[in-house]
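Here's a quick tour of one protein model, with the cut-offs spelled out as we go. Have the viewer ready.

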Amino acid sequence: MPQRILITGASGCVGQYISGWLLRHSDAQLVLLLRDPARLTAVSPADPRISLLVGDLREVDQFAAELAQVDRVVHTATAWGDPGRAHAVNLVAVKAMLALLDPRRLQQVIYFSTASVLDRQLELLPEAERYGTEYIRTKVACLRQLMQHPLRDRIVAVFPTLVFGGRLDGRDPHPASYLTAGLRQAIRWLWLARFLRLKGSFHFIHAADIAAICGHLATHPHQPGPQRWGHMQRLVMAQDSLSLDQAIAILCRYRHMVHPWGLQLTDRLLQLLIRLFRIQLTPWDRFSLGLRHFIHAPITRPECFGLDSRAPSLEKALEAAGIPRRGRLPAGSSG
């Protein structure tokens with residue numbers, strides 16, 4: 001009998017990639033929880049394997065009957081910007097949703113967090129609670145709750161890194177991720193950035209590769225994680241790390257621009273520029289500038305499950321985003 005998989009935040013970039021993967025690679029019945037059906041552009045709400053729950057996650061009690069009938073959950077819904085809403089969606093609503101699931105039927109919950117809350121060894125970063133934005137602090141608080149939850153051994157906590165998805169030119173039914181949408185402005189400043197050198201490193205992942213990982217997890221028997229996290233699995237979804245200088249060099253090569261000798265931005269020079277231009281930094285911004293290297297080990301990519309990555313390199317991610325190698329950026333929608 002086909003499994004019923006609930007996907008929250010189903011109209012978002014990642015949610016739509018996951019829904020599409022499951023429709024193509026499984027016989028699962030999808031229950032999509034979303035606020036605005038009009039934003040569902042990459043999968044058809046008329047598909048006989050899709051049923052919609054239209055409403056706000058903060059009022060999840062109205063869907064109690066439907067949630068009690070699901071076998072697995074992929075929880076991508078999140079909120080940031082408004083502290084009250086972030087607390088209600090990222091913390092309170094998650095607890096309420098889990099309480100509505102039938103533990104006799106439930107096999108797995110894939111819970112989306114963010115790699116920003118983890119250190120290099122995939123342990124919770126103390127500074128995330130101390131200096132983090134309301135989004136980051138609520139994500140840490142939720143993880144601490146989940147590690148003590150009765151269903152913890154059925155939870156897979158996934159931690160996306162920087163997420164590409166959709167296209168700048170609008171020639172993709174998926175919404176553009178915030179990173180892809182931001183490429184338009186970033187590449188316009190490449191003429192200046194190529195003259196600068198800055199210490200730092202990061203990971204990235206394409207939403208199609210997130211979907212492949214989550215799709216594999218959701219269609220295979222669940223495996224509990226390490227004991228120290230209450231048997232809750234934790235996976236950082238990422239490709240190999242890049243230094244900031246490597247990323248600039250790749251962008252220049254991709255856009256056929258010269259990557260000349262550059263000025264090293266030391267800590268002292270950075271602080272001077274911040275004061276000179278009166279740049280307002282949050283405590284988290286200051287911590288991030290000090291940390292600089294947001295890298296993790298181990299990382300999880302589709303190849304870990306015998307699958308192929310859509311964007312295993314930054315060049316492939318730029319191609320997937322519709323970034324031209326020469327000339328002006330596309331004038332289409334940026335999401």
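## Cysteines

The sulfur of Cys214 sits 12 Å from the closest cysteine sulfur, in Cys13, and that's too far for a bond. A disulfide here is a pair of cysteine sulfur atoms within 2.5 Å, and the structure has zero of them. Cys142 is in no disulfide either: its nearest cysteine sulfur, that of Cys214, is 16 Å away. Cys142 is buried at 1% relative accessibility, and Cys214 is buried with a relative accessible area of 1%. Buried means under 20% relative accessible area, exposed means over 50%, and partly exposed is in between (1.4 Å probe, protein chains only).

A word on ground rules: this is a predicted model, where local features need pLDDT of at least 70, side-chain atom pairs count only at pLDDT 80 or more, and totals for chains, interfaces and linings use all residues. Residues are numbered from 1 along each chain as its sequence is written, and side-chain values use heavy atoms, with hydrogens and water left out.

## Nonpolar cores

A nonpolar core is a set of buried Ala, Val, Leu, Ile, Met, Phe, Trp, Tyr and Cys residues joined through side-chain atoms within 4.5 Å. The largest one has 48 residues, and Leu6, Leu67, Val117, Leu143 and Phe159 touch the most other members. Elements giving it two or more residues include α3 (83-100), α5 (134-147) and β6 (155-160); helices (H or I, at least four residues) and strands (E, at least two) are DSSP runs, numbered from the N terminus. A second, separate core of 35 residues includes Leu32, Leu34, Ile110 and Met237.

Leaving aside residues up to four places away in sequence, Phe159 touches Val117, Leu143, Trp229 and Met237, among others. Contact means heavy atoms within 4.5 Å.

## Salt bridges

There are twelve salt bridges, each a side-chain nitrogen of Lys or Arg within 4 Å of a carboxyl oxygen of Asp or Glu. In the Arg301 and Asp240 pair, the closest N and O atoms are 2.7 Å apart. Arg301 lies in the loop between α11 and α12 (314-320) and Asp240 in the loop between β11 (233-237) and β12 (242-243), so the pair ties together parts 61 residues apart in sequence. Arg301 is partly exposed at 22% relative accessibility, as is Asp240 at 47%.

Salt bridges with shared partners also join Arg167, Asp169 and Arg171 into one network. Within it, Asp169 and Arg167 have their closest N and O atoms 2.9 Å apart. Asp169 is buried at 17% relative accessible area, and Arg167 is buried at 19%.
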